Amino acid sequence: MSNNTYQTWTQAGSFMASVMFIYAMFMRLVPPTLQARVRRYTNKLTTFVYPYIRITFHEFTGERLIKSEAYTAIQTYLSEHSSQNATRLRGEVIKVKDTHSPVVLSMDDNEEIVQEFQGVKLWWGSYKITPKNYSFSVYRSSEEKRFYKLTFHKRHRTLITQTYLKHVLEEAKAIETKNRKLKLYTNSSTRWSHVAFEHPATFETLAMSSKEKEGIMNDLVKFKSGKSYYAKIGKAWKRGYLLYGPPGTGKSTMIAAMANFMNYDVYDLELTAVKDNSDLRKLLINTSSKSIIVIEDIDCSLDLTGQRKRKKEKVEGREGKSSSSKRGDDEDDEERGSKVTLSGLLNVIDGIWSACGGERIMVFTTNFVEKLDAALIRRGRMDKHIELSYCCYEAFKVLAKNYLDVESHHLFPRIGKLLEEAKITPADVAENLMPKSVDEEVDACLHSLIQFLEITERKQVNAQESKDIKHGEAVVEENGVID
């Protein structure tokens, strides 16, 4: 290396060090208001030299409450167009029928690609900002900020802003429709994570009477096409379903059948994982349209049943207590894992916040409908109440077709008569119909079900007789005391 070259690099290094020192002093000593003013004038000066425009699309809008539709559309668009140009890609396996490639590639973080549109060159970049106090975790930090940046020459401003961006949004919608796959979401803190929804249940395989299934499907179809109707009557485009009945009657299967019928994503909301009412609102806001929001076993999810009555009793009971015992009760309340209240839940499903987004279905399930607060399941919140009860003869025929591929058999009448006497769930019927070995015949499965029905009927009769005897003894004893 010649002396001149060495001196040049030395001078350049000294100059860069001086610039970094001046910048550090500027950031440390100059007040923020003056810094902002200097940056403003610096940017104005830069525009005369730098002829490019940059547009940033952030992942979240509205103080990180709602995921940006523009960001999602750009993500979809670039996943289709970036695989040929980007050097660092993210791969995701999808399970969509009639697709030639099950792997979808998209740009990795901090990657850039070059595109052309109508002869105009433009640049897309995918970026992520991690907070300074970042600590390693297998889960994505809630403080991470992702965004896309589009760069183009300022003489093409009209073409890009009026034509190209519209083209991106339209093509993203077409790509999403083509690659549409149902997702099953679960919540953690204020974020949703998902897996592919692959439950095979349909209304055709659902163990219910055909009349009941037809009524539910008609109601769902009416809702799906009711956007203008809901706007006309001044209601948020949502509908609530309450599924209730004994365990094993098919409530979860009904939800899966609804999702497959409507082609909607499913959000399985676990209330015990939600810190408070504010976090609950954030979760509900970040659900997409065309979705079913599910709270299973709502009578067990949180202590929401009869809260107002217990609150009144608690206040009355505290009147005679000392201040130290009051502090103890307050500490017990603070130690509860979740502070979601009945009022908070009612507000997000039927209050002002429920109108943030449309085409959503809310489903509650419970084994004990009588335990739920009347305000939670009234019409307007849970619009349609569906009772899923014990297995009837028509439901049995559906299960026999599903499990044994038979539509008629000489044992069917006998089973039908037993089903009128014994109360068993579709889950019990399905378990007895399922062949236990490769060579087990249809007759053996049906006889197994008959035997189970007969045993169940005898147990139920004996239990009822014992109950009647105890009731009679109690009546006699009561009459004797009165005499």
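**Basis.** I am working from a predicted model, in which local features need pLDDT of at least 70 and side-chain atom pairs count only at pLDDT 80 or more, while totals for chains, interfaces and linings use all residues. Residues are numbered from 1 along each chain as its sequence is written, and side-chain values use heavy atoms, with hydrogens and water left out.

**Salt bridges.** I searched the whole structure and found 9 salt bridges (a side-chain nitrogen of Lys or Arg within 4 Å of a carboxyl oxygen of Asp or Glu). I then followed aspartate 109, which forms a salt bridge with arginine 146, the closest N and O atoms being 3.1 Å apart. Aspartate 109 lies in the loop between strand 5 and strand 6 and arginine 146 in strand 8 (residues 145-153), so this pair ties together parts that are 37 residues apart in sequence; strands here are DSSP runs of E with at least two residues, helices are runs of H or I with at least four, and both are numbered from the N terminus. Arginine 146 is buried, at a relative accessible area of 15%.

I also noted a salt bridge between the side chains of aspartate 109 and lysine 128, at 3.8 Å from N to O. Lysine 128 belongs to strand 7 (residues 120-129) and aspartate 109 to the loop between strand 5 (103-107) and strand 6 (111-117), so the two join parts that are 19 residues apart in sequence. Lysine 128 is partly exposed, with a relative accessible area of 28%.

Elsewhere I recorded lysine 401 and aspartate 405, whose side chains meet in a salt bridge at 3.4 Å, N to O. Lysine 401 counts as partly exposed at 35% relative accessibility, whereas aspartate 405 counts as exposed at 57%. I also listed a network of salt bridges that links Lys238, Asp350, Arg378 and Arg381.

**Helix contact.** I turned next to helix 8 (residues 277-285) and helix 12 (residues 342-350), which pack at an angle of about 20 degrees with their axes 10 Å apart. The axes are lines fitted to C-alpha atoms over the stretch in contact, and angles run from 0 to 180 degrees between N-to-C directions. The two helices are therefore roughly parallel to each other (angles under 35 degrees; over 145 is roughly antiparallel, 65 to 115 roughly perpendicular and the rest oblique). In helix 8, Asn277, Leu280, Arg281 and Leu284 meet Gly344, Leu345 and Val348 of helix 12 (contact means heavy atoms within 4.5 Å).

Methods:
Buried means under 20% relative accessible area, exposed over 50%, partly exposed in between (1.4 Å probe, protein chains only).
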